[in-house]
Amino acid sequence: MGKNIYKDYPDGFNKLAEELKMPMEDPFMKKFMLSMMVNIIANN
Amino acid sequence: MTAHEQVLYRSKLFRDAIAFRVPDRTPHFNCAVTWKIIDAGYKYSEAFNDYAIMEKVVRRFCDIYKFDLLMDNGARNPFKVMESFGKGYYYYDDESCVVGVEPYQLCPSEDLVEYAKDPTKYLWEKTLPARFPDWDDKGLEDFQRTMDEYFAYNGFSMKMMNIMKEEYGIPFANSPQTGFPSFAIETMFSGIRGIKGLSLDIRRHPDELKEAVDILDQKGIYMTINKVAGLEEGVDTETCYDISSIMLAHTILSPKTFERYYYEPLDKLIKTVASKKKQYRITVEGAAKHLHDYFRDYPQGTLAMLLEQDDIFECRKSLPNVCLIGGMETTMLNDASVQECLDWSKKLIDELTPGFIFAENKFVSYKNDANPENFKAVCDFVASYMNKK
């Protein structure tokens with residue numbers, strides 16, 4: 001098993017959003033920012 | 001004028017032009033993109049990987065070339081975000097001075113509806129694991145590194161927007177209330193399916209494509225339409241446009257398929273913008289002459305179109321209700337004499353005003369897109385040529 005313990009959606013994704021350090025604390029905003037980042041990675 | 005007064009003045013130039021009032025002078029929407037980097041003597045690799053260098057590049061451009069709105073403030077390409085995670089589709093080459101993108105698609109045709117129902121879930125569970133061979137080994141530190149780069153990129157973008165507005169008196173392009181929405185068929189074209197995939201889907205999977213487009217538009221463009229409908233009447237006087245979008249997918253659509261996948265939400269958005277007495281800019285890449293019939297009946301003062309390949313004088317006859325943006329061909333900017341460029345600029349302004357915004361006809365990207373001497377002369381001319389009508 002690899003290091004990526006966040007592969008499930010939504011549980012792994014939400015856990016990652018919670019654990020990532022961001023300038024904001026609001027869980028909804030953190031998930032939104034992770035979604036935005038995922039979109040950038042997917043489309044670039 | 002203070003920077004704030006310049007913002008208001010420049011915004012009014014655009015607003016007057018779109019409304020077919022004769023502005024003090026014709027506004028210049030400058031479409032310089034990566035050309036700025038080469039003109040400043042830097043390599044792409046230097047500017048894309050160092051925000052301090054990119055800031056210098058943009059500041060130098062603002063100091064030398066006069067304009068009223070700039071297409072790109074240096075934050076167009078998030079290379080650093082992508083490179084912090086893995087290999088990207090976009091690439092650049094310092095030797096040949098090329099920036100490009102490899103063809104890609106986010107999902108196969110059979111997954112279109114699944115993707116549309118929950119794009120983030122699909123990207124997370126299918127697209128990213130298939131694309132990155134080391135996905136299973138990505139740990140918190142990998143995601144954190146990319147998130148840090150993403151915030152740095154956003155911070156740079158905001159910094160540049162504020163520098164433009166507060167130091168150079170250049171307004172924001174779009175009202176923050178409405179911004180830059182995307183139609184589902186455009187995201188299908190640009191990434192979800194890509195040009196080839198979308199072309200095949202239109203022929204082989206039209207119903208699945210329609211279902212996916214409708215699902216995505218309900219979550220995207222119809223939300224924007226509802227937002228616009230809820231706003232007060234009138235334009236945002238500190239920005240050049242209330243709302244903007246890019247049209248590129250139309251280049252592979254016939255009138256029939258344009259109606260099926262694009263027209264309904266586009267028509268609703270334009271009518272809603274018109275009912276709120278706001279103004280909408282569409283960047284029309286490629287040519288759109290075959291679709292002009294769809295744009296002819298909207299009230300004058302609502303729509304502005306940035307033209308890439310369509311002849312601007314023919315468009316004036318074909319679309320007398322639409323403010324036209326463009327006219328300055330990059331081939332001329334590079335190959336013609338200064339005087340020829342100035343004569344052409346004067347002709348554009350004299351013959352197309354009212355209802356005209358001066359701009360380069362494509363993103364000025366590569367070294368051969370503009371001769372610096374010509375570009376500066378044209379910028380100086382447009383900034384000083386007062387309308388006499």
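Visitor: How many strands form the open sheet of chain B, and in what order?

Guide: Eight strands form an open sheet in chain B, in the order 2-1-10-9-8-7-6-5, and the pairing is parallel. In general, the strands of a sheet pair through backbone hydrogen bonds, either parallel or antiparallel. Here two strands pair if DSSP finds at least two bridges between them. Helices (H or I, at least four residues) and strands (E, at least two) are DSSP runs, numbered from the N terminus. Strand 2 (69-70) and strand 5 (172-179) of chain B stand at the edges. Each has a single partner strand, so one side of each is left without a neighbour in the sheet.

Visitor: Before going on, what kind of model is this?

Guide: This is a predicted model: local features need pLDDT of at least 70, side-chain atom pairs count only at pLDDT 80 or more, and totals for chains, interfaces and linings use all residues. Residues are numbered from 1 along each chain as its sequence is written, while chains are lettered from A and ligands numbered from 1 in the order in which they are written.

Visitor: Which strands does strand 6 of chain B pair with?

Guide: Strand 6 (residues 239-247) of chain B pairs in the parallel sense with strand 7 (residues 280-284) of chain B, over five bridges. In that pairing I246(B) stands opposite T283(B), and M247(B) has V284(B) as its bridge partner. Strand 5 of chain B also runs parallel to strand 6 of chain B, joined by three bridges. There G179(B) is partnered by I243(B).

Visitor: How does the chain get from strand 6 to strand 7 of chain B?

Guide: The chain passes through helix 13 (residues 255-275) of chain B, and this β-α-β crossover is right-handed. The term means that, with the strands pointing away from the viewer, the path from the first strand over the helix to the second runs clockwise.

Visitor: Is strand 6 of chain B enclosed or open?

Guide: Seven of the nine residues of strand 6 of chain B are buried, so this strand is largely enclosed by the rest of the structure. A residue is buried if 20 or more other C-beta atoms lie within 10 Å of its own, exposed if 12 or fewer, and partly exposed in between; C-beta atoms are placed from the backbone.

Visitor: What surrounds F358(B)?

Guide: F358(B) sits in strand 10 of chain B. The residue is buried, with 28 other C-beta atoms within 10 Å. Its contacts beyond four places in sequence include T26(B), H28(B), M328(B), L348(B) and V382(B). Two residues are in contact if their C-beta atoms, placed from the backbone, lie within 7 Å.

Visitor: How do helix 16 and helix 17 of chain B cross?

Guide: Two packed helices are described by the angle between their axes and the distance between the axes. The axes of helix 16 (residues 338-352) and helix 17 (residues 372-384) of chain B come within 9 Å and cross at roughly 35°. Axes are lines fitted to C-alpha atoms, for helices over the stretch in contact, and angles run from 0 to 180 degrees between N-to-C directions. The crossing is right-handed: the near helix is turned clockwise from the far one by less than a right angle. Helix 16 of chain B contributes V338(B), C341(B), L342(B) and S345(B). Among the residues from helix 17 of chain B are A377(B), F381(B) and V382(B).

Visitor: Which backbone angles deserve a look?

Guide: Most residues other than glycine have a negative phi, and most peptide bonds are trans. C97(B) has a positive phi of about 55°. C97(B) lies in the loop between strand 3 (90-93) and strand 4 (98-101) of chain B. K277(B) has a phi near 50°, in the loop between helix 13 and strand 7 of chain B. The peptide bond from T353(B) to P354(B) is cis, with omega near 5°. P354(B) is in the loop between helix 16 and strand 10 of chain B. In chain A, the bond from Y9(A) to P10(A) is cis, with omega near 10°.

Visitor: How many residues of chain B are in contact with chain A?

Guide: 28 residues of chain B are in contact with 19 residues of chain A. Helix 5 (79-83), helix 7 (119-131) and helix 8 (140-168) of chain B each give two or more residues to this side. Chain A itself has two helices and zero strands.
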